[in-house]
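Biologist: I have a model open and would like to go through it with you. Can we start with single residues and then move on to the bigger picture?

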Amino acid sequence: MILASREVILGISAGISAYKSADLLRRLQELNFDVTVIPTQSSLNFVGSATWEALSGHPVQTNLWNNVYDVPHIKLAKKASLIIIAPTTADLLAKIANGLADDLLTNVVLAANAPLILVPAMHPEMWANAATQENVAKIRSRGALVIEPDEGRMTGLDYGVGRYPTVEKIVSQVTKYLEISLPLAGVKVLITAGGTREAIDPVRYIGNRSSGKQGFAIAKAALAQGAEVTLVAANVNLPTPIGAIRIDVESALELHREVIKHFNVTNLLFMSAAVADVRPDKSSDQKIKKSNLQAINLRANIDILADVSESKKKQIIVAFAAETSGDMLEEAKRKLVTKKADLLYLNDVTDGAVFGSEQTSGWILDSSGQSDAFDLSNKDTLAFELLKRAMDKLG
Ligand code: CTP
């Protein structure tokens, strides 16, 4: 289906799951949709206009009686190339099935020619009710997509079919219905995250402060855009992003083995893991007594990035560097060149900033010689920016 524009209306009706649509809104924006939100008046009891205005960047209106000179329902209906209503209550299903229009959202639905996608969410009894099921059948018979609710726990203790589906499920059904492909569909992304630990004995190790948040943010951003993601996690205490293949490792040697194993079939490699540069020459099977711990002999770990770059074909490699002092940009450029990366994100980690934080700031360096400052922002934003640049290079 070819949409006339990227203008989407996201309708919100009065279900407690309305807050989940804030995430849906973001995901639609990531698909390059320009989203205008039309909440019903009662849905504002759950999530207020301020949230929708701030997230969408557009004014929010609920009734027909503001800016009447503008005839807002017709204007919005004409502008919309797609209408998604999530959550859709039983009441709203009944109105749409019967062509009722008593507020801005229902007027827009009635006046628009755009494809309509509904995401019902309600208590299982209401969903199973014959009246609701008849309304759903009627709406489907007109060509609209009505996504089946999930089964699970409700607001109270009750359980059944009626839950707001996961945002991943909604996005995948929307894209399938519209036959639009996600920008990273078919792209294989390998991401290393976290920090390696090099065992001294069964109790102690040499490690670093990397939390893995940036790598996991890249995994989530890549999955949201349809990529196949393999996530090699070195000591990361974060939930696996839905859809990622996760391989847990501990040491640099294990991480190296996994990167080598997957590199050939990878399109984009993000080396965000902090790899320990050295490991104890010998790791003891038994706990070493403190009296024997005066000195530890170290040996260098292989530079994984430099090693895989040697067998690079069409892969795009994104490196990361954390610096605290000196001419950080010069040092980062040197790493980009010697490790043959295509892009490098330089974090300024002075005073331990960034580690474990949701925020990051630094520079994005390109193998062409270009470097752009990346002002303080969250790690998800950086993830999307790096993916975009890596994809531009992949072509
Ligand atoms: N890296 C790697 N293998 C190593 C060390 C680092 O693959 N043994 C990768 C990191 O994952 C990162 C990039 O190289 O993407 C730069 O890491 P960094 O630690 O900044 O580089 P080093 O070469 O170890 O330099 P430094 O002396 O500053 O630690």
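Biologist: Is Asp366 buried or exposed?

Modeller: This is a predicted model, so everything here is computed. Asp366 counts as buried, because its relative accessibility is 14% and the cut-off for buried is under 20%.

Biologist: Where does Asp366 lie?

Modeller: Asp366 lies in strand 18, which covers residues 359-366.

Biologist: And what is Asp366 in contact with, leaving aside its neighbours within four places in sequence?

Modeller: Asp366 is in contact with Leu336, Asp342, Leu343 and Lys393. There is also a distance for Lys340: the C-alpha atoms of Asp366 and Lys340 are separated by 11 Å. Those two residues are 26 residues apart along the chain.

Biologist: What is Ala112 in contact with, apart from neighbours within four places in sequence?

Modeller: Ala77 and Ile83 are the contacts of Ala112 once those neighbours are left aside. Ile83 is 29 residues apart from Ala112 along the chain, with 8.6 Å between their C-alpha atoms.

Biologist: What about Thr36, buried or exposed?

Modeller: Thr36 counts as buried, because its relative accessibility is 7%. Thr36 is part of strand 2, residues 34-39.

Biologist: Which residues does Thr36 touch, not counting those up to four places away in sequence?

Modeller: Thr36 touches Val8, Ile9, Leu10, His58, Leu76 and Lys79.

Biologist: Where is Asn67 placed?

Modeller: Asn67 is in the loop between helix 2 and helix 3 (72-79). Val71 is found in the loop between helix 2 and helix 3 as well.

Biologist: Why does Asn67 count as partly exposed?

Modeller: Asn67 counts as partly exposed because its relative accessibility is 37%. Val71 has a relative accessibility of 38%, so Val71 counts as partly exposed too.

Biologist: On to helix packing. At what angle do helix 1 and helix 2 pack?

Modeller: Helix 1 (residues 20-30) and helix 2 (residues 49-56) pack at an angle of about 15 degrees, and their axes are 10 Å apart. Angles under 35 degrees count as roughly parallel, so helix 1 is roughly parallel to helix 2. Their crossing is right-handed.

Biologist: Which residues make the contact?

Modeller: Helix 1 contributes Ser21, Ala22, Leu25, Arg26 and Gln29, and helix 2 contributes Trp52, Leu55 and Ser56. By class, the contact of helix 1 with helix 2 has 4 nonpolar, 3 polar and 1 charged residues.

Biologist: How about helix 9 and helix 13, at what angle do they cross?

Modeller: Helix 9 (residues 213-224) and helix 13 (residues 379-394) cross at roughly 60 degrees, and their axes come within 8 Å. That makes helix 9 oblique to helix 13. Helix 9 passes helix 13 in a right-handed crossing.

Biologist: And which residues make that contact?

Modeller: On helix 9 they are Lys213, Gln214, Ala217, Ile218, Ala221 and Ala222. On helix 13 they are Lys379, Asp380, Leu382, Ala383, Phe384 and Leu387. By class, the contact of helix 9 with helix 13 has 8 nonpolar, 1 polar and 3 charged residues.

Biologist: Last topic, the whole chain. How many helices and strands does the chain have?

Modeller: The chain has 13 helices and 19 strands. Buried residues make up 49% of its 395 residues. Its C-alpha trace spans about 80 × 50 × 40 Å along the principal axes.

Biologist: How is the chain divided into domains?

Modeller: The chain is divided into domain 1 (7-178) and domain 2 (188-394). The C-alpha centres of domain 1 and domain 2 lie 40 Å apart.

Methods
Residues numbered from 1 in each chain as written. Predicted model: local features only at pLDDT ≥ 70, side-chain atom pairs only at ≥ 80, totals over all residues. Heavy atoms only, no water. Axes fitted to C-alpha atoms, helices over the stretch in contact; angles between N-to-C directions. Helix = DSSP H or I, 4+ residues; strand = E, 2+ residues; numbered from the N terminus. Parallel < 35°, antiparallel > 145°, perpendicular 65-115°, else oblique. Left-handed = near helix turned anticlockwise from the far one by under 90°. Contact = heavy atoms within 4.5 Å. Nonpolar A, V, L, I, M, F, W, Y, C, P; charged D, E, K, R; others polar. Domains from an automatic or database assignment. Buried < 20%, exposed > 50% of the residue type's maximum accessible area, 1.4 Å probe, protein only.
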